[in-house]
Amino acid sequence: MAEYTLLYILFAPFVGSILLLFIPNRRALPVRLVAAGSAFVSLIASLYLFYAYDPAKGGFQFIQKYEWSKELGISFYLGVDGIGTPLVLASSILLFAGIFISWHIKDRIKEFYIFLLVLAAATIGVFMCLDLFFLYFFYEMSVLPMYLLLGMWGSHTKNYLAMTSPEEREKRDSVGFIFNFGSNSKEYAAMKLVLFLSAGAVLALMGILLIYKFSGLNTFDILVLREQAKFSGPLATLIWLLIFFGFASIAPIWPLHSWSPVGHAAAPAATSMLHAGVLMKLGHFSIIRVAFEILPQTTRELMPIAAILCVFSIMYGGFVAYYAKDTKYVIGYSSSSHMGYVFLGMAALDYISLSGAVLYMFAHAMATGMLFAMAGWVYDQTHTRDIPSLGGLVNRMPFIASCFIIACMASIGMPGTVNFIAEVMIIVGSWNKYPFQVIVAVVGIVLTMAYLLRMMRGIFYGPTVEQYSHAHDAVGWVDRMPLLLMIATSIFFGIFPGHFYNIIRSGVDPLIARITEVVPLKTDGQTNNKLSAVSYQPSAQRSEGHKLSADR
Amino acid sequence: MTFTLNLTGSDLLLMLPEIILTLWLCGVLIVDFAMPKLPKEQLAYLSVCGLAIVLANLVWFDVKGVSGTLFTNMFVLDRMALFFKILVVGATMLVILASRDYVQRFRFFKGEYYFLVLMSALGMMFMASANDLLSMFITLEFSTFGFYVLVAYLREDVASNEAGLKFFILGVFAAGLLAYGISLVYGETGKILFPEIAATAWTPGLVIGFLLIFASLGFKIGAVPFHSWIPDTYHGAPTPITAFLSIAPKAAAFAILLRLFFVSLAALKPAWVLLLVGVSILSMTYGNIVAIAQKNIKRLLAYSGIAQIGNILIGLAAGTKMGEDAILFYLLTYLFANLGAFAVVIAVSNLIRSDEIEDYSGLNRRSPFLAFAMLVFLLSLAGVPPLAGFIGKLYIFLAAIKQELYTLIIVGLVNIVISMYYYLIIVKKMYINEPTDRSPLVVSPSMQAVIYVGLAGTLILGIYPKPFIEWVVAATLMFSNLAPAAAVVPSVLPFGG
């Protein structure tokens, strides 16, 4: 039973979405219950996974392998390591919370939950795939539901809605208008998101095809490629760049980020949560899984690119978030700014910093999930995302306001939340290699504080706006539970990060050892039952006292 | 290869499926004349029954591994021919089912419609077996005659007449080119059988001859620059016939193209690869870019079809067995997705009498089933996992990258993104826009059946394509001499579980 855990996590949402097809649309409660039930199965299974994963053993666990096509060298190959496990957990927590956050959707509930479940399941699929083909399969599959979720249940920007006269209507729907910042329709946002991500995916696919061709192994199996494929020279550089920029477009790294805040802003609350919480991490995760694993030498040579770009990500995102007037734009740009920290942690190629990056992905998923959930609540109550027109909502919704404060604190990285640990790890780990970037990151934290507190003041404090006196708080357990779940997760792991840290280190250590060549690769291509190839000695850097036999 | 079917020992039994179909279509015509009171829908079911028998026969042949040649090698029956025959017969069944309601629109000759469709199908079955220049010409023309009539079947409709005229004039022109090309090739080589031609050196006559033959086949499959009939003909023809045109003749023409290129011209591969690369790039790019501007869904699918053909030609340009497997698999995925999409178009057109994309606004509110089906079919055409089209595209790309056709792959990948745009525009209309008329649409059972078959095919081929991949690999075994077959890595399991 237990060895099928990954299948439960992955297929529960798929089965749920198939069941939903057979429930009539007008019956809201069964639809919601089926969606919540399937997400619950997934959540419980991934909690089990999280605690049953054995960090002392390390490597890939809960392996499932089924032949899919012998001719093409594809197998349906699942397994999680210390990097995938936390992200699987984050996805299923956010999916479960997201289903309750969108409990009050009235329009076409069935379709909404079907697309949401497919989106989440595809995301989870990426985090547990050990086959390049299926990694791409799930990656691309997660993009398309976003289009419909944004388009059907999303919201327009204030400026867009204000353009009502005939000339303005014509202007706002014209092609030239798409470059106008902040005045976008949801359809535009959805299309931009899909085209950007598809273009990125296609770059990555080219890289994957080149790996397939030049490895000469006729397989998509990441573990086989990792041990046996040898790339060097310009070819390795080309593949690495394709993989990196292909996947980094979803991450989103600085010059490729422009779809992301627009998409976040247009999306309904649960979708933004999943989107910012886990979808963006697909980028980092896939870079780690493909580029780091298969091209370790090239990663060492080229990862400074990420270190340079992450500076722009952090500062640009931070400043735009400071000046944005739309709640979801603020959170959206803050997300793309915070993803710069993850890139910094990855770029330093250090045990501590990469662990911090992985932990930060999890921490950011919780924090930004909360923020988007509450921005969505405020929007549902007031039908505006415009910060200057809001104010004094703390009187109307004290519970939401207090949760919002906690979420802001988590996002800033206050001690006691898991974000703090992650930020400290990134900063400490990267200091030796990239001191300038670390200084930028610290400035970025100050910026985060500035814009989040400013937004909080704008929405919840100040004079009460009469117009919104009908707005009400989250009172039912359905509305409070998801927020409390995310807050509890964030604080729990902020206080008890031990097991979490061990899990991550068990995944990160062998990877960094390979990349930094603490131990040269042994490539005898042994295919015995043991975790083969590299016999890994504990290095001075990882003398934290954890017993990690992370040998690959 | 010898004939191994032990019934009566007569070689003519190799043509058993064709013979059954010939008798059956005569039967359909006789029933139509002899029983004028019979509702014409019954003829549709009668035709489908006949095709089902033929299909069963073909599958039986395929399972038994029946193969052989007839008429001094003019007619060849091998697993590839069987594959294409199964494809054509399957497509014909779906088209006839989808025509059942549409036929009510015709004022005359409702019964003959089924006869003509079956006749075209018969021609295409022979095309799949054509093994020399003469049978190629005869079967091509045989299959096209039915279409000349069918395209112009809406007699009162100007567009349909225009479509018919355009198709006829260009089709006859293409036939002329083909005949001239055949005469040149025959003049140069003195042979007509594909395996015997086996050209080894280019002579000017041979070059021109093959270019003319390729032009004529390019006309059949609608590759740029031989595509100009496609949009108007697709637009004007009765929609079930458009659906039929968009898949069956193209598949059958690919059967001939494969034999021609891989058997006759195998030695001259470097030369024709360039030609195919050019045609493929033009088709993909032109089809996708022009599709963006379309307002009519039939025209949009016409241009998207041109682009899809460009995709399939990548596999042909690869020129290996794997490329050929990929073509066969892609045609399968294309059959389900494209016929499915046209089935939705037919269903919508039956209900609201319009093919304008604008009228698809809010389809999701009026008929969630139709909108969902269309969503699946369009995304499959765009190549989105977990649908069939994705596997088809990836298979083609894998075959191409092994031959280092990087330009083609890059153009193909860029085109995926472009095509995503216009497919999503339709999705936007269906799901995001609000309908002007909110009355629900009820789909008839026969249309539902067609759409369900399309959905099932699209999903199964996307999620579990293994048996189908094995089928196409087995179907092309005779081409395994083309290039070393993909060496399958023995399953390497670093972690035993």
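A nonpolar core is a set of buried Ala, Val, Leu, Ile, Met, Phe, Trp, Tyr and Cys residues joined through C-beta atoms within 7 Å. Keep that in mind as you look around this predicted model.

**Stop one: the core.** The largest nonpolar core has 407 residues. Select A:Val194, A:Leu359, A:Met374, B:Val88, B:Val344 and B:Leu378, the members that touch the most others. Now zoom in on B:Val88. Which residues does B:Val88 touch, leaving aside those up to four places away in sequence? Colour B:Ala121, B:Met124, B:Met125, B:Ala128, B:Ala248, B:Ala251 and B:Ala252 to see them.

**Stop two: chain A.** Show chain A as a cartoon and you will find 23 helices and 2 strands. Its radius of gyration is 22 Å, close to the 24 Å that the globule rule gives for 552 residues, so chain A is as compact as a globular protein of that length. Along the principal axes, the C-alpha atoms of chain A fill a box of roughly 75 × 55 × 45 Å. Buried residues are 61% of the 552 in chain A. Taking contacts in chain A between residues at least 6 apart in sequence, 81% link residues at least 24 apart.

**Stop three: chain B.** Switch to chain B, where the cartoon has 19 helices and 2 strands. A compact globule of 497 residues would have a radius of gyration near 23 Å, and the 22 Å of chain B agrees with that. The box filled by the C-alpha atoms of chain B is roughly 65 × 60 × 55 Å, again along the principal axes. Of the 497 residues in chain B, 58% are buried.

**Stop four: a helix pair in chain B.** Select residues 79-102 (H3) and 321-352 (H13) of chain B; their axes come within 10 Å and cross at roughly 5 degrees. Angles under 35 degrees count as roughly parallel, which makes H3(B) roughly parallel to H13(B). Show side chains for the contact: the H3(B) residues include B:Phe83, B:Leu87 and B:Leu94, and those of H13(B) include B:Leu328, B:Leu335 and B:Ile346. By class, this contact of H3(B) with H13(B) has 13 nonpolar, 2 polar and 1 charged residues.

**Last stop: where the chains meet.** Bring both chains back. How many residues does each chain give to the contact? Chain A gives 39 residues and chain B gives 33. On the chain B side, select H16 (388-402), H17 (406-431) and H19 (466-475), the elements that give two or more residues. H17(B) gives the most to this side, with 10 residues. Colour by class and the side of chain B that touches chain A shows 28 nonpolar, 2 polar and 3 charged residues.

Key:
Residues numbered from 1 in each chain as written. Chains lettered and ligands numbered in written order. Predicted model: local features only at pLDDT ≥ 70, side-chain atom pairs only at ≥ 80, totals over all residues. Contact = placed C-beta atoms within 7 Å. Helix = DSSP H or I, 4+ residues; strand = E, 2+ residues; numbered from the N terminus. Nonpolar A, V, L, I, M, F, W, Y, C, P; charged D, E, K, R; others polar. Axes fitted to C-alpha atoms, helices over the stretch in contact; angles between N-to-C directions. Parallel < 35°, antiparallel > 145°, perpendicular 65-115°, else oblique. Rg over C-alpha atoms; globule rule 2.2 N^0.38 Å. Buried ≥ 20, exposed ≤ 12 C-beta atoms within 10 Å, placed from the backbone.
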